[in-house]
Amino acid sequence: MTTIIDGNAVADDIRADVSACAETLADEGVTPGLATVLMSDDGASETYVSMKQRACADTGIESFHHEIDPDEPAEVLYDRIDDLNADPSVHGILVQMPVPDHVDKATVLERIDPMKDVDGFHPENVGRLVSGNARYKPCTPHGVQKILAAHDIETEGKDAVVVGRSDIVGKPMANLFIQYGPGGNATTTICHSRTENLGEKTRSADILVAAAGVPRMIEGSMVSEGAVVIDVGVNRVDADTEKGYELVGDVDFGSVREKASAITPVPGGVGPLTIAMLMYNTVKAASLQSDVPVDLP
Ligand code: NDP
């Protein structure tokens, strides 16, 4: 029997915990605040930002939305970040990526006050994660950890294989797997586009995380019997639907589910966790900045 993991159910539990923490903070006069900054006309980015705003409303977090014309000079964005860093009602700042080409992404990430960096991408927070003293774990890999924990999937001593080495998913995912403690202690392999004999590596996985952005690239023949398969990929492929496309993962669900002991679907797997963990980090940020303790699991 293969377990089809319900990411929405795991995210619901996390949102309930986050809401309870937001209430604790509110009782002490602190309303957690998340600022979203959009410097793009891209429809998908607009959708992501509005989903994040809705999630804030659902969990007792105040959201402050800022839009900057993508033709404005980069300094307009940098100055806005400075203003948000100085605003005590804002505990978390999220600049929706991608930013226009004339904006330096590294400058954006470094400009955000590390205490308000709820994405966990500032070099200080990356360093803390790597050294085993994470402040804000990046949302998607943290969400994967939560999915595994919610399904009592042990990582200790297991072979974990991560396909993808991006700064937002692959690298932090692997870093979480190698940390000491719960959700870690896995023997971890990172694969990428230059990896040779990829199937050999993925077949060695007890836990396989696919985050390559290549539709259905992980096929049944690349997975061992009984593996846990977590599909981070979200890819638009042409389809005979009303919208003319459908969303598929990096995993070929049909063939892999025949082998896996547990698998996340797309959509409805990892995706809901990413936003839930952003809310989690925002409440944590509010707690750290106000010195009001909260009980975040
Ligand atoms: P990136 O494009 O930044 O990174 C992709 C990684 O996959 C790179 O390291 C690349 O290798 C590697 N890769 C690409 N092709 C292959 C291949 N054929 N074999 C092995 N490795 C390969 O993507 P992201 O990490 O940002 O995102 C990955 C996927 O996850 C995307 O589909 C994205 O939409 C999705 N995503 C989903 C989220 C969610 O909430 N569910 C959140 C974030 C992302 P190299 O470094 O050598 O180029």
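**An open parallel sheet and a buried asparagine**

Six strands line up here as an open sheet, in the order β1-β11-β8-β7-β5-β6, and the pairing is parallel. At the edges sit β1 (3-4) and β6 (187-191), each pairing on one side only. Strands count as paired if DSSP finds at least two bridges between them; strands (E, at least two residues) and helices (H or I, at least four) are DSSP runs, numbered from the N terminus. This is a predicted model, where local features need pLDDT of at least 70 and side-chain atom pairs count only at pLDDT 80 or more, while totals for chains, interfaces and linings use all residues. Residues are numbered from 1 along each chain as its sequence is written, and side-chain values use heavy atoms, with hydrogens and water left out.

Within the sheet, β5 (residues 159-163) and β7 (residues 207-210) pair in the parallel sense over four bridges, and V161 stands opposite L208 in β7. Helix α6 (residues 139-150) packs on the sheet, touching β7 and β8 (228-231) (contact means heavy atoms within 4.5 Å). The direction of α6 makes about 145 degrees with that of β8. Another helix, α7 (residues 170-178), lies across β5, β6 and β7, and runs at about 170 degrees to β5. Such angles run from 0 to 180 degrees between N-to-C directions, with axes fitted to C-alpha atoms, for helices over the stretch in contact.

Now for N125, found in helix α5 (residues 123-130). N125 is buried, with a relative accessible area of 1% (buried means under 20%, exposed over 50%, partly exposed in between, with a 1.4 Å probe and protein chains only). Leaving out residues up to four places away in sequence, N125 touches P114, D117, G120, R135 and Y136.
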